[in-house]
Amino acid sequence: MKMKESTVNQIVSLAAMALIALPVGIACIILGYGLGDTPCILCWQERTAMVLVALIAIFITRYGLKPKYLGALIFASVYGLWAGYRHSSNHILKDIGQGFGPAIFGVHTYVWVMVVFLVILLFAAVLLMLQGDKLSEKEDKNSWTLLNRSTVMVFLVVIGFNIVQAFSQTGPFPFIGQSDPYRMTFDSDKIVWSTANWPKLSSLSARGSYAIERPDFANMAKVEGSEVSNQRSLNALRTQNLPSEITGVATGISYSPNSDIYAVVTSDNWVHFLNGKLDKVLASVMIDGAFSVEISNLTGVAFDGDNSVVVTADHKSYVRLEYDPLAKIADSYWLFMDGTDGVKELKRSRFSTVRAKYNYIGSLGWDAATQEYVTVTLPAKVRNNFVISRFSNQDFELNSEAKIINSAETFPMVTGLAIEQDKAYLLNHSAKQVLEMTMATNSIDAAYSFEGVSNPQGLTLVNGEFTVLNGAQGQNSVSFFK
């Protein structure tokens, strides 16, 4: 049965009063004037969206349930929901109990914002369904009940308090407030008006902090000033071309001395297991990067057992594989796009970091002494970092992170990583160097230069020799140095 227009009017009026009096009124009058809480820039966006929704609801009570008002209400609610999501995304994944600003019933206000706007959208949906096939017409445009007038009065009072708070604490245009505001005060000596948070054209992006260019391992930019002072040069011993079936750009290499086999990965998601002479491919698979955990742009590989490897993508997603001559690719059709028998998947997930969260990686190492997987960040134009991260092989979670102590002017682009005992060897792509790092102190203590490799993409140790992978489309090779 279709609801009467007068009933719709009263319900919408009550909803508008509840919205403006509770979330907006409590935030402004109780939290603001009472407890001294000043909204940040994102809080003001969320509060403005709620005010707009309440104003549109008042228009509905005055002029009827018209499509243009419903459209405007949904538009404002979606904007408010986005603002709440944008705000919560900065804090919601912090450790338990952590947050920003005061919490209400254990939940911080920016999370309540999403709840409020979801309720508004659900309310609008139910209201529309109860209208049947036609929206209710306004019965009497001149009728204005006590409830309607009370709603408008509450709206005006709350708006008045908000105007005073906004102009006193935030200031008039072009001042826009602060990302981390001070306590609310009417002492003119303590009030701070700021324009520091206006966005710059160079930083505008729909992806925000995640707008960082992914590495292209076939055409990596040279990082000037990343050279570390040399102590000596490595002697070239020999170069071995990889089999022609490795057609992509090889981006990672690892060696298992106990099994005398190599693993090589390419940027087009192929993983190859080769014999100890590097002249025969024993088994290959092409990772289905779109299945389950997204994996693409493979960049690192490390043996963590005689026949098992962990393969990483540049964004720290990983897959653990095992070379097993008895494995049938037909049994894993949903995991591999193409390949041969001889490889099975053991695990697929993501490495999560803290300091390296906004950095890609170009390598992966295995520390047998501590049973840890190790990654090193690639430099970036924004949020630049040089961080080593260590992950447990028990649960694949972060064990520790630290900034690497480096004497170079800029951070090197590390595309290969090998670990032996208490030393880690980092392949400096731009400077054509192997950097020696002491694991206990995370400090670069020596650098060894080499020649003859145009695109160094991987590093492993074979019988005391540095084995450097040269990534070239269809012409991948390995060079040995001592």
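1. Two strands count as paired if DSSP finds at least two bridges between them. On that basis this predicted model holds an open sheet of four strands, in the order S4-S24-S23-S22, with antiparallel pairing. Strand S4 (236-241) and strand S22 (456-462) are at the edges; each has a single partner strand, so one side of each has no neighbour in the sheet. From one strand to the next, the twist averages 20 degrees.

2. In general, the strands of a sheet pair through backbone hydrogen bonds, either parallel or antiparallel.

3. A further set of pairings involves strand S16 (residues 387-392). Strand S15 (residues 372-376) runs antiparallel to S16 and is joined to it by five bridges. Thr-375 has Ser-389 of S16 as its bridge partner. S16 also pairs with strand S17 (residues 398-403), again in the antiparallel sense and over five bridges. In that pairing Val-387 stands opposite Lys-403 of S17.

4. S16 and S17 together make a hairpin, with five residues between the two strands. Phe-396 lies in the turn and has a positive phi of about 60 degrees.

5. Is S16 mostly covered or mostly uncovered? It is mostly covered, since six of its six residues are buried, which means under 20% relative accessible area. Val-387, Ser-389 and Phe-391 point one way from the strand. Ile-388, Arg-390 and Ser-392 point the other way, and the residues of both sets are buried. The buried set therefore includes Arg-390 as well as Phe-391.

6. Strand S14 (residues 365-367) contains Trp-366. This residue has a relative accessible area of 13%, so it is buried, the cut-off being under 20%. The C-alpha atoms of Trp-366 and Val-301 are separated by 9.0 Å, although the two residues are 65 apart along the chain.

7. Turning to the helices, H1 (residues 5-34) is not straight: it bends by about 55 degrees at Gly-25. After H1 comes Gly-36, which has a positive phi near 80 degrees.

8. How do H1 and helix H5 (residues 146-170) cross? Their axes come within 9 Å and cross at roughly 25 degrees. That angle makes H1 roughly parallel to H5, because angles under 35 degrees count as such. The crossing in which H1 passes H5 is left-handed.

9. Helix H2 (residues 41-63) and helix H4 (residues 109-129) have axes that come within 11 Å and cross at roughly 20 degrees. H2 is therefore roughly parallel to H4. The crossing of this pair is left-handed.

10. The unreviewed UniProt entry lists residues 12-35, 47-64, 69-85, 110-130 and 151-168 under "transmembrane region". Two of these spans can be set against the model. Residues 47-64 are 94% helix and 0% strand, and the C-alpha atoms at the ends of the span lie 25 Å apart. Residues 69-85 are 100% helix and 0% strand, with end C-alpha atoms 24 Å apart.

Definitions and conventions. Residues numbered from 1 in each chain as written. Predicted model: local features only at pLDDT ≥ 70, side-chain atom pairs only at ≥ 80, totals over all residues. Heavy atoms only, no water. Bend = angle between axes of the 7 residues up to and from the residue. Buried < 20%, exposed > 50% of the residue type's maximum accessible area, 1.4 Å probe, protein only. UniProt positions renumbered as here; feature names shortened; annotations may be inferred. Axes fitted to C-alpha atoms, helices over the stretch in contact; angles between N-to-C directions. Parallel < 35°, antiparallel > 145°, perpendicular 65-115°, else oblique. Left-handed = near helix turned anticlockwise from the far one by under 90°.
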